[in-house]
Amino acid sequence: MNVTMTIAGSDSGGGAGIQADLKTFQELNTFGTSAITALTAQNTLGVTGVHAAPPEFVLAQIDAVLADFEVQAIKTGMLFSAEIIEVVAKRMADYQGVLVVDPVMIAKGGASLLQQQAVAAMRSQLLPVATVI
């Protein structure tokens with residue numbers, strides 16, 4: 001069985017983020033796993049709120065999945081903060097599979113999904129370990 005993982009935010013409207021990634025994984029006949037970086041209050045009209053997960057909990061989710069599953073590919077999405085990017089990048093530096101980085105920064109409606117100070121962390125820490133950007 002092919003196993004994939006998404007590390008991203010949750011879209012309460014179901015059109016993006018973890019929800020969209022897992023739907024896509026299923027359509028591609030892979031077993032999808034996830035680590036949630038943030039919760040959004042979101043619908044087709046826009047984003048009304050964002051609540052980030054603590055970085056150490058994001059890492060705990062990643063470690064739990066990687067300890068139990070042979071994950072062939074990981075895709076990132078909304079990572080939100082420099083601190084979350086840092087823990088993800090450190091863990092991905094040792095990851096032997098395919099890492100696809102989708103640098104989610106702004107929602108369709110214009111709401112910011114990546115803190116400004118996180119852009120530098122993404123460029124310097126996560127993009128260098130990506131297989132595909």
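A contact, as the word is used below, means heavy atoms within 4.5 Å. Helices (H or I, at least four residues) and strands (E, at least two) are DSSP runs, numbered from the N terminus. The model is a predicted one, in which local features need pLDDT of at least 70 and side-chain atom pairs count only at pLDDT 80 or more, while totals for chains, interfaces and linings use all residues. Residues are numbered from 1 along each chain as its sequence is written, and side-chain values use heavy atoms, with hydrogens and water left out.

The protein holds 4 helices and 5 strands, which follow one another from the N terminus in the order β-α-β-β-α-β-α-β-α. Its radius of gyration, taken over C-alpha atoms, is 14 Å, close to the 14 Å that the globule rule (2.2 Å times the number of residues to the power 0.38) gives for 133 residues, so the protein is as compact as a globular protein of that length. Among contacts with a separation of 6 or more, 70% join residues 24 or more positions apart. Of the 133 residues, 41% count as buried, where buried means under 20% relative accessible area, exposed over 50%, and partly exposed in between (1.4 Å probe, protein chains only).

Val-58, Gln-61, Ile-62 and Val-65 of α2 are buried; they cover an arc of only 95 degrees around the axis, judged by the directions from the helix axis to the C-beta atoms, which puts them on the same side of α2. The face turned away from this buried side carries the exposed residues Glu-56, Ala-67 and Asp-68. The elements in the table are among those that cover the buried residues of α2.

| Covering element | Residues |
|---|---|
| β1 | 3–11 |
| β2 | 31–43 |
| α3 | 82–92 |

A nonpolar core is a set of buried Ala, Val, Leu, Ile, Met, Phe, Trp, Tyr and Cys residues joined through side-chain atoms within 4.5 Å. The largest such core has 26 residues, and Ile-7 and Val-88 have the most contacts inside it. At least two of its residues come from each of β1, α2, α3, β5 (98–101) and α4 (118–126), with α3 giving the largest share, 7 residues. Leaving aside residues up to four places away in sequence, Ile-7 touches a set of residues including Val-58, Ile-62, Val-88 and Met-92.

Ser-81, in the loop between β4 (73–76) and α3, is buried, with a relative accessible area of 6%.
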